[in-house]
Each structure stands twice: as structure tokens, then as C-alpha cells.
Amino acid sequence: MTIKRCIFIHQIKMQDMSTLFADDKYIKYDSVREAMEDAGVVLTHNSSSSVLVWFDSLTDHLKIFDIPPWKVINRIPFINILCRKVPFSIVIAKIRLFYPDLYSFYPKTFVIPDEADSFLEARQSGGPAYIVKPDGGSLGKGITIIEAEQEGFSLPAEPSVAQEYVDCLLLDNTKFDLRIYALVASVTPLRVYVYRDGVARFCSEDASHKSDFARLTNVGLNRNNSGVRDVGRISRLVSDVFPALEATGVDITSLWRKIDRVVALSVFAAYGYLRRAEGAFCPRATYSRCFQVLGFDILIDERQDPRVLEVNYRPSLDFYRGKERRMKVAMIRDAILLGAPMSQVQQLLSLRRWSWGRVSWLSHAASNKKIAQSVDEARRAAEKTSGFELVWPSDDGDKKDWPNVLRKVIEISKEPLSSFVAPDKDTKGGDDN
């Protein structure tokens with residue numbers, strides 16, 4: 001063996017000691033590859049010793065969790081209880097019975113067809129307009145608006161929701177909403193972060209118009225408006241829009257605090273089911289092995305309060321402009337560092353690359369407390385420079401009731417998991433621009 005070859009092997013071994021490996025088999029977005037590089041992650045292909053498994057696809061098949069017990073995956077089993085509109089509406093309604101004030105952020109919503117009669121009865125007394133959205137819809141497809149005084153309309157036969165149309169805060173007399181990124185870095189124990197940037201999605205026509213282009217904020221829909229010449233008009237960074245809101249008198253510090261609350265409480269609503277699903281399909285190995293970035297669509301109402309409209313399973317990781325690319329790359333990088341702080345785990349695997357099996361790894365992890373400690377230490381170090389803000393757990397006095405909410409959610413979450421989201425089907429939604 002030549003000296004050059006020896007040096008090369010030595011370098012690979014040194015890299016193994018400090019670098020996280022990820023399988024690139026399911027990565028398709030350039031933003032993810034760039035974020036991996038920024039996070040110091042080395043991409044491999046079909047390597048049994050890589051720790052991180054990253055899916056860019058929308059697949060919700062439970063078979064993706066059939067991986068060796070040392071691997072960490074950027075998917076949480078049954079997360080679509082949050083990300084499909086019908087089950088999300090159901091779990092919110094269940095916990096809102098006990099905490100109506102905490103859960104007032106979710107607009108009044110009827111599940112169709114189950115609550116079609118109740119919806120029609122509510123319409124008889126007048127009231128607001130409603131937006132009807134298919135359960136697994138995305139990219140604005142299948143959305144219709146039922147006007148406040150409209151009499152002739154039909155409801156879809158497939159599972160959908162009819163959600164109250166909320167009058168919102170306008171900027172430059174134009175409707176907009178926010179795509180806010182949240183990271184569930186761990187289910188057990190629950191650990192939730194909110195990213196301090198995102199995408200503000202603007203209608204392509206101002207509020208004086210009555211068209212869909214003035215009332216629906218979806219970027220894909222508004223790009224089809226012949227009047228749109230610059231995508232930068234309809235898709236802007238939150239970090240650019242919030243200073244403009246502040247100039248109109250909006251308290252941005254307070255707004256972020258409110259956003260943190262509604263994001264965490266939304267995740268809480270599904271927690272009983274997520275905890276059971278994790279134990280069944282992605283059990284811990286003394287450290288959490290499942291994490292996921294979610295996209296919360298949030299509207300700011302006229303009282304400057306955030307209203308959660310829906311949650312996206314895989315928020316769009318594509319980008320239209322350089323600034324959006326840089327923001328998304330930074331967000332994904334920080335999510336990796338918080339969700340998979342596993343360099344010490346990778347080191348153990350690399351030292352005994354061919355000798356680990358399921359039983360031997362679980363036995364070793366259970367008897368070696370330093371593994372979990374190293375994960376916690378790496379995550380705490382990542383938090384110091386991250387764009388994600390830790391929302392839960394928290395010792396904030398304003399959140400003193402939240403442990404009670406979690407206990408109540410667990411108590412009332414007794415239905416079979418499959419009654420909410422069929423485990424053998426790919427998700428149809430969640431990649432909504």
C-alpha cells in the first residue's frame with residue numbers, strides 16, 4: 001500500500017470520528033444538500049453505518065421507520081394527525097372543549113361530510129364566509145369560498161373542512177399570511193422550536209378586488225395571475241415584512257410570542273397519538289430517533305393575533321429567489337443540528353462499523369448513559385447559534401397550565417391511530433406554497 005493510500009485511509013478514519021453521515025438516497029432538493037454541507041454532514045449512499053436518514057418525499061408509509069435502531073429519521077410516525085385538515089380539526093376540537101381560551105386561535109371549522117348538517121344549520125343564521133378545503137389538498141387545489149350570503153352551493157363528498165373566513169390584517173391593503181417553520185425535535189420528551197424567519201405569502205391583487213387572487217394567498221395560485229411579473233411581490237421573507245408591520249404599530253416581540261404559543265399548542269393537540277405512534281414505530285434508543293420540520297400557515301387577524309389555518313407535512317423546500325434560498329438552507333441546517341445532534345453516536349458506529357446489530361446496539365445504548373448525554377450536550381450547543389427558538393419545554397410563567405394541557409390530551413386520546421390517518425397510504429398534502 002502506498003503512503004498516499006495510507007494517508008487517505010487515515011483521513012477517512014479521522015473524518016468518521018467527528019462527522020455525521022447521512023444517506024442521500026431520498027434527498028432531491030438542492031437546499032437540503034447545501035444545508036447538509038453547512039451542517040458538516042457527509043452524504044453516503046446505502047450505508048448501514050450512516051446515522052441520519054432524510055426524506056424529501058411526501059411519503060407517509062410506516063415502512064420508512066423500519067431502519068436500524070441507531071438511525072435517526074426526519075419523519076415522525078402519524079404526524080399527519082397534525083398535517084391533514086380533518087384529523088387536525090378533530091383533535092383541536094377535542095382539547096378546545098377543556099381549554100377554549102387557549103385554543104381560540106383555530107378558526108371555527110366543520111368537518112365535511114360528518115358535520116355537514118351542523119354547518120348548514122349554522123349558515124341559516126347568517127355569519128361569515130367559509131373556505132372549503134379538501135382534507136389532503138395542497139397547492140391551493142380544490143379550495144372554494146362560500147360567501148356569507150351565498151345560498152346556492154354544494155359541499156364535497158370527499159373528506160374536507162369548511163373553515164370560517166377570517167378577516168385579517170392587511171399590508172398595503174393586501175391580504176397576506178405567514179409560513180412559519182416549526183421543528184419537533186423530539187416526541188418523548190416533547191421538544192418544540194419555532195424558526196425566527198419564514199415566508200410571507202401575499203395575494204397578487206389588493207383587497208378591493210373580489211377574486212381568488214385577492215383572497216387566497218397560495219403562491220402557486222397567485223403565480224398564475226397574468227398580472228404577476230415579479231414573484232418577489234407575492235413571496236417575501238418574514239424578516240423583511242415584519243419591520244414594515246412594526247412601522248404600522250404592530251408589536252413584533254409580542255407577535256412572535258403569540259406565534260410560539262399557537263404553534264406549541266397545536267402540536268400539543270396531537271401529542272397523545274404522536275407519543276403512542278413513536279413508541280410503536282420509532283422507539284427511542286435512549287435518545288429520540290424521529291424529528292420533523294413542519295410548516296404552519298398562520299394568518300394575523302385584525303386584532304393582531306395569529307390564527308393557525310393548517311399545518312404542512314413537508315413545507316416547500318424549493319425557492320424562488322436567492323434570499324429565500326439562503327433562509328431555507330439556514331433553517332434546514334439548524335433543524336439538522338437540533339434534530340440529529342448525533343456525532344458521538346456516529347463515532348461509536350464508525351469504530352465498530354461491521355459489528356453492530358439491533359440487539360447489541362440497543363443493549364449498549366441502554367447501558368451507556370454517556371450516549372444520551374452527548375446528544376443533549378450537542379443539542380444545547382446548537383441552540384446557542386440556531387435560528388430556531390425553543391418554545392417547549394419552558395419555565396415561562398405564562399405557560400404554567402401547559403403541563404395540564406398535555407396530561408388532558410393524553411387522557412382523551414384513546415381512539416385507534418388508524419381512525420385518524422390510514423397508515424398504508426401516501427399523504428396527498430403538505431407541500432403547499
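Contact here means heavy atoms within 4.5 Å. Keep that in mind for what follows. This is a predicted model.

Let me start with E389. E389 sits in strand β15, residues 388–392. Which residues does E389 touch, leaving out those up to four places away in sequence? Four of them come up: V192, Y193, V194 and R196. Take T174, 215 residues away along the chain. The C-alpha atoms of E389 and T174 are separated by 29 Å.

Next, a helix pair. Helix α2 covers residues 30–38, and helix α10 covers 322–339. Their axes are 8 Å apart, and the packing angle is about 55 degrees. The crossing of α2 past α10 is right-handed. Who meets whom? From α2, we have S31, V32, E34, A35, M36 and D38. On the α10 side, they meet R325, V329, I332, R333 and I336. Sorted by class, this contact has 6 nonpolar residues, 4 charged and 1 polar.

Last stop, helix α11, residues 343–351. Which residues are buried in α11? V345, Q346, L349 and S350 are. Those residues span an arc of only 135 degrees around the axis, so they lie on the same side of α11.

That's the tour. Over to you.

Methods
Residues numbered from 1 in each chain as written. Predicted model: local features only at pLDDT ≥ 70, side-chain atom pairs only at ≥ 80, totals over all residues. Heavy atoms only, no water. Axes fitted to C-alpha atoms, helices over the stretch in contact; angles between N-to-C directions. Helix = DSSP H or I, 4+ residues; strand = E, 2+ residues; numbered from the N terminus. Left-handed = near helix turned anticlockwise from the far one by under 90°. Nonpolar A, V, L, I, M, F, W, Y, C, P; charged D, E, K, R; others polar. Buried < 20%, exposed > 50% of the residue type's maximum accessible area, 1.4 Å probe, protein only. Arc of directions from axis to C-beta.
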